[in-house]
Amino acid sequence: MSSSDKAAVGTSQAPAEDLVWRADVDRSCRVPVGFFFASAVFWLLVGTLLAVLAAKKMHTPEFLANWEFLTFGRIRPAHLNTTIFGWASMAGVGVLLWLEARLCRVRLPLGGLLVAGCTLWNVAVAGGTYEILAGRGTSVEWLEFPYFWSFFFAGVFGVVMVASIMMFSARRVSHIYVSQWYLFGSVLWFPFLYLMANTLIHPGALGGVVQAVANWWFAHNVLGLWFTPVGLATVYYLLPKLLGVPIHSYHLSILGFWTLALFYNWAGTHHLIGGPIPAWLVTVGIVGSMMMFIPVGTVAINHHMTMRGHFHRLLDSPTLRFTVFGAMSYTAVSVQGSLTSLRMVNEVGHFTHYTVAHAHLGVYAFFTMVMFGAIYYIAPRLFHREWASARFISLHFWTVAVGIALYWVGLTLGGWRQGLMMNDPDIPFLDTMAFTVPYLWSRTLAGVLMAVGHVVFAVLVWRMVFGPGGLRTGPTLLRPRVAAGGEGVDA
Amino acid sequence: MNRAPFLYFGVLATVVASFLGLVQIPELVLRDLEPVVGEDGVARPVRPEGNVAAGRAEYVSLGCIYCHSQQVRPPGYGADIERGWGSRRTVARDHVHDQPPLLGTMRTGPDLANIGVRQPSENWHLLHLYEPTLTSPRSLMPPHRFLFDLRAVELERPADALDFPPEYSLAADMAVVPTARARALVAYLKSLDASFPVPEAP
């Protein structure tokens with residue numbers, strides 16, 4: 001890693017002029033980024049409520065069965081869209097804007113437009129979710145909001161893209177840090193994906209199964225070219241910041257970025273293995289998925305080598321704990337995803353709860369945990385306040401960490417066995433369904449645990465934004481600092 | 001890596017490449033697919049119209065896709081055909097009229113690609129929608145009672161009332177009548193048939 005990398009990220013012992021420009025940048029971010037964070041947490045709560053209801057309905061079909069708008073087939077897509085477009089994307093936009101402003105060392109531009117955009121985004125998530133519950137969802141997975149609302153998201157994302165390009169063009173640092181490559185990628189990739197998918201699928205510009213292929217090209221890339229780059233950019237920023245050491249290898253960073261850009265895009269058709277599409281299309285998806293071992297391996301090595309010798313910091317730093325949990329889950333979900341794309345594995349796991357567990361390992365254990373870590377780091381800098389309670393942060397961590405672990409283990413085991421039973425024609429189908437019930441209960445229990453964590457997190461964010469009054473200046477650590485590092489407000 | 005134009009170009013080129021490869025080329029390859037005309041002169045798959053199209057819209061609206069697939073995997077891959085979910089694998093041609101295709105990714109319930117052939121009884125479908133465990137014991141499917149009207153029987157029982165099995169207790173002076181939505185949904189389910197011969201999947 002070059003010395004300028006270190007300068008771009010900064011270390012804990014910051015000179016006075018650095019403190020001045022950082023405070024200036026943070027001030028410009030306070031309202032827009034704070035608004036995106038607060039909105040994200042609101043949608044996290046809504047999405048969690050829908051999730052717990054849906055989880056309970058899966059094993060207790062009589063639960064709330066007489067209300068059509070709460071039928072499983074509606075709250076399930078409502079859950080997905082509120083968590084993806086509400087929670088995850090809004091948290092992602094907030095983190096992205098702040099990281100870009102800090103890394104480019106410029107004030108966040110278009111503050112008023114971004115606030116208006118965030119308002120519109122909230123309106124669109126609310127409107128689209130209402131329409132799904134009212135029965136006007138599209139049944140195109142990850143694009144269930146009716147066509148109309150896509151104009152809102154595309155418009156607001158356009159503002160985010162312009163703000164990003166303005167910051168990038170005006171950057172006061174000649175070196176482009178690895179996080180910026182990923183942020184820059186995500187901010188160009190997502191609008192392209194979203195526009196293409198909405199233009200072609202909803203009006204039916206593509207014929208028959210090609211719509212399904214385009215659907216999975218889009219849906220897989222929401223994870224691959226939007227959440228993953230934002231999540232990795234955040235990890236690449238936070239690890240050296242918190243540890244006060246540079247990223248292990250600049251060359252591994254480059255290899256990881258370009259191989260992700262090259263291969264992730266092509267993986268989507270592994271969602272259609274065995275389906276009514278040409279075999280070569282599926283094979284392309286499998287090849288893309290297997291090639292993902294390269295970016296995933298390089299990122300894992302790079303992060304692990306950066307962390308080496310610093311793992312004891314997981315004891316005191318809330319941000320680091322969430323971020324490292326997320327980074328490790330990225331490796332796990334990616335390895336699992338590549339292996340699941342193999343035809344022999346997919347034959348069992350496809351169409352079962354195994355895949356549902358895998359999806360949550362990606363969006364939750366990786367991305368959501370990294371976003372929690374980032375918000376714990378960024379919000380005190382925006383609001384000049386510290387987190388109200390270390391015990392609450394600890395409670396948040398343990399409920400969601402145990403929750404997602406239980407979720408993944410239960411549904412992976414249950415789903416795999418469900419797949420094996422489904423592929424044995426001597427077992428009546430209803431037996432395979434009955435078999436899953438205890439595992440579905442474990443998912444509901446996991447969901448309740450995560451819901452408790454989310455409420456605790458929401459209380460912390462509420463007190464951060466609206467505050468109890470007195471400002472604290474020292475960082476909120478989970479226990480007394482065991483080694484020096486840069487977690488304080490001034491870092 | 002400090003050259004912004006290189007970054008711009010690389011980022012856009014990678015995503016455009018996959019768009020061309022995974023969306024545009026398949027569209028070029030598959031867009032001329034046509035239904036097959038059988039010996040009886042009927043072109044299959046049949047384009048959904050009238051009540052069947054209305055039922056398809058209900059299928060979309062109720063989110064059936066989140067638990068039911070509509071695709072039969074090929075012989076030797078899974079056990080879809082052995083389970084009787086189809087007589088052949090499904091192919092792209094089966095979906096030429098589908099906007100959007102409802103292939104599904106989850107089988108909490110069974111595959112429905114051939115449900116019209118496998119379960120031709122209207123009353124079975126209506127009972128199953130009203131109370132799934134009546135036809136499929138231990139089923140986890142949510143009951144769709146909101147698609148039915150509960151009516152008091154005054155002089156004579158409505159002609160379209162559901163015929164319940166004897167063990168199901170419903171007050172003697174009540175009748176369950178399907179709404180137009182339930183009828184449309186059943187018409188759609190009964191239309192699902194991917195068993196006709198196609199050249200690409202014997």
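Is the crossing of α7(A) and α10(A) left-handed or right-handed? The first view takes up this question, and the later ones step out to the chain contact and to model confidence.

**View 1. Helices α7 and α10 of chain A pack against each other in this predicted model.** The crossing of α7(A) and α10(A) is left-handed. Helix α10 spans residues 293–307 of chain A, and its axis lies 10 Å from that of α7(A), at an angle of about 15°. Because angles under 35 degrees count as roughly parallel, α7(A) is roughly parallel to α10(A). On the α7(A) side, look for A:L232, A:V235, A:L239, A:P240 and A:L243; facing them from α10(A) are A:V299, A:H303, A:T306 and A:M307. Sorted by class, this helix contact has 7 nonpolar and 2 polar residues, with no charged ones.

**View 2. Chain A meets chain B through 72 residues of chain A and 62 residues of chain B.** Several helices of chain A each supply at least two residues to the side that touches chain B, among them α2 (16–59), α3 (72–104) and α6 (178–201).

**View 3. Two stretches of chain A have pLDDT under 50: residues 1–11 and residues 483–491.** For residues 1–11 the model has 24 contacts beyond four places in sequence, and for residues 483–491 it has 31. Chain A as a whole has a mean pLDDT of 92, with 94% of its residues at 70 or more.

Note on methods
Residues are numbered from 1 along each chain as its sequence is written. Chains are lettered from A and ligands numbered from 1 in the order in which they are written. This is a predicted model: local features need pLDDT of at least 70, side-chain atom pairs count only at pLDDT 80 or more; totals for chains, interfaces and linings use all residues. Two residues are in contact if their C-beta atoms, placed from the backbone, lie within 7 Å. Helices (H or I, at least four residues) and strands (E, at least two) are DSSP runs, numbered from the N terminus. pLDDT is the predictor's confidence in each residue, from 0 to 100. Axes are lines fitted to C-alpha atoms, for helices over the stretch in contact, and angles run from 0 to 180 degrees between N-to-C directions. Angles under 35 degrees count as roughly parallel, over 145 as roughly antiparallel, 65 to 115 as roughly perpendicular and the rest as oblique. A crossing is left-handed if the near helix is turned anticlockwise from the far one by less than a right angle, and right-handed if clockwise. Ala, Val, Leu, Ile, Met, Phe, Trp, Tyr, Cys and Pro count as nonpolar, Asp, Glu, Lys and Arg as charged, and the others, Gly among them, as polar.
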